[in-house]
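Hi everyone, thanks for coming. Let me put the structure up on the screen, and then I'll walk you through it.

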Amino acid sequence: MIRLQPIGAEALLVVLAEQPYPELPLQIATLADAARRELGPWLVDLVPGWTTLLLHYDLLLTDHAQVAERLAPLLARWPAEAGRQSPPRRHEIPIWYAGADLAEVARACGLSQQEVIAVHCATEYRVGAIGFAPGFAYLGELDQRLVLPRRATPRTTVPAGSLAIAERQTAIYPQASPGGWHLLGRCPWRLFDATKEPPCPLQPGDRVLFQPIDAVQFQAEASR
């Protein structure tokens, strides 16, 4: 059942499901587009989650009761309209699998390094949410054979472009930042650019496949 929860004085959380399912991220993206059109200048920001949509609104223009009232017809139509959405976009992203934790992950999972790479590349991931840092796309779900808890001691700096795994998710760090995930490789592409629209090429609901490349290919892609 869909629920609306006030979050402080200036935000409303729309809970759309209790558990994520494959089609949900794209359905939430459809709802976000409709809410953006419906709420117009009232809306300050939209934050899609795995099962939620958080709406930040301008308290000088509206309040949560008015926002909820305007959302009601959208939510009533949402299941049917979400079912008519366009197919998700599919991205094939090159990865040089030479991460600092690759050997450690292989030992922990009881696999060879080549098996870790093969298992990681075999899954088509879905973008469930963007968060933590600008352009940081949470991708799920990771093959059970690669599931590990986060590192006991996070790194103070993870290089931009680092491909990492933790629990049932994988992601690429778009900027250098602290991080506690296990590093498997590097992506040569820039996955966040504030001068572009949208600034992040990965959007909720998109599908992602990883393609292994070598060091020479990495340098060639990075220099483009």
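So, to start: how far apart are the mean positions of the positive and negative charges of the protein? The answer is 4 Å, for 20 positive and 23 negative charges. Lys and Arg count as positive there and Asp and Glu as negative, with His and the chain ends not counted. Each charge is placed at NZ of Lys, CZ of Arg, CG of Asp or CD of Glu.

Some housekeeping before I go on. This is a predicted model, with local features needing pLDDT of at least 70 and side-chain atom pairs counting only at pLDDT 80 or more, while totals for chains, interfaces and linings use all residues. Residues are numbered from 1 along each chain as its sequence is written, and side-chain values use heavy atoms, leaving out hydrogens and water.

Okay, the overall picture. We have five helices and 13 strands; these are DSSP runs, H or I of at least four residues for helices and E of at least two for strands, numbered from the N terminus. The radius of gyration is 19 Å, close to the 17 Å from the globule rule for 224 residues, so the protein is as compact as a globular protein of that length. That radius is taken over C-alpha atoms, and the rule is 2.2 Å times the number of residues to the power 0.38. Along the principal axes, the C-alpha atoms fill a box of roughly 55 × 35 × 35 Å.

Of the 224 residues, 47% count as buried. Buried means under 20% relative accessible area, exposed over 50%, and partly exposed in between.

What about contacts, meaning heavy atoms within 4.5 Å? Taking those between residues at least 6 apart in sequence, 63% join residues at least 24 apart.

Let's zoom in on helix α4, residues 113–122. Its buried residues include Val116, Ile117, Val119, His120 and Cys121. As a reminder, an α-helix has 3.6 residues a turn, so residues three or four places apart point the same way. The cover over the buried residues of α4 includes α3, β6, β9, β10, β12 and β13.

One of the strands in that cover is β12, and His182 sits in β12. This histidine, His182, is buried at 8% relative accessibility. Leaving out residues up to four places away in sequence, His182 has contacts that include Asp101, Val105, Leu148 and Pro149, along with Arg150 and Arg151. Leu163, Ala164 and Ile165 also touch His182.

Now the cysteines. How many disulfides does the model have? Zero, by the rule that a disulfide is a pair of cysteine sulfur atoms within 2.5 Å. For Cys121, the nearest cysteine sulfur is that of Cys187, 12 Å away. Cys121 is buried, at 15% relative accessibility. Cys200 also has Cys187 as its closest cysteine, with the sulfurs 11 Å apart, too far for a bond. Cys200 is buried as well, at 5%.

Most residues other than glycine have a negative phi, and most peptide bonds are trans. Here, though, Phe132 has a positive phi of about 70°. Phe132 is in the loop between β6 and β7, and exposed at 54%. Glu167 has a positive phi too, about 55°. That residue, Glu167, is in the loop between β9 and β10 and is partly exposed at 38%.

As for cis bonds, one joins Gly140 and Glu141, with omega about -5°; Glu141 is in the loop between β7 and β8. Another cis bond runs from Glu197 to Pro198, with omega near 0°, and Pro198 is in the loop between β12 and β13.

Ala194 is also in the loop between β12 and β13. Is Ala194 buried or exposed? Exposed, at 64% relative accessibility. Its C-alpha is 9.0 Å from that of Pro134, 60 residues away along the chain.

Last stop, Ala17, in the loop between β2 and α1. Ala17 is buried at 13%, and beyond its neighbours within four places in sequence it contacts Leu24 and Thr51. Okay, that's my tour.

How values were computed:
Buried means under 20% relative accessible area, exposed over 50%, partly exposed in between (1.4 Å probe, protein chains only). Contact means heavy atoms within 4.5 Å.
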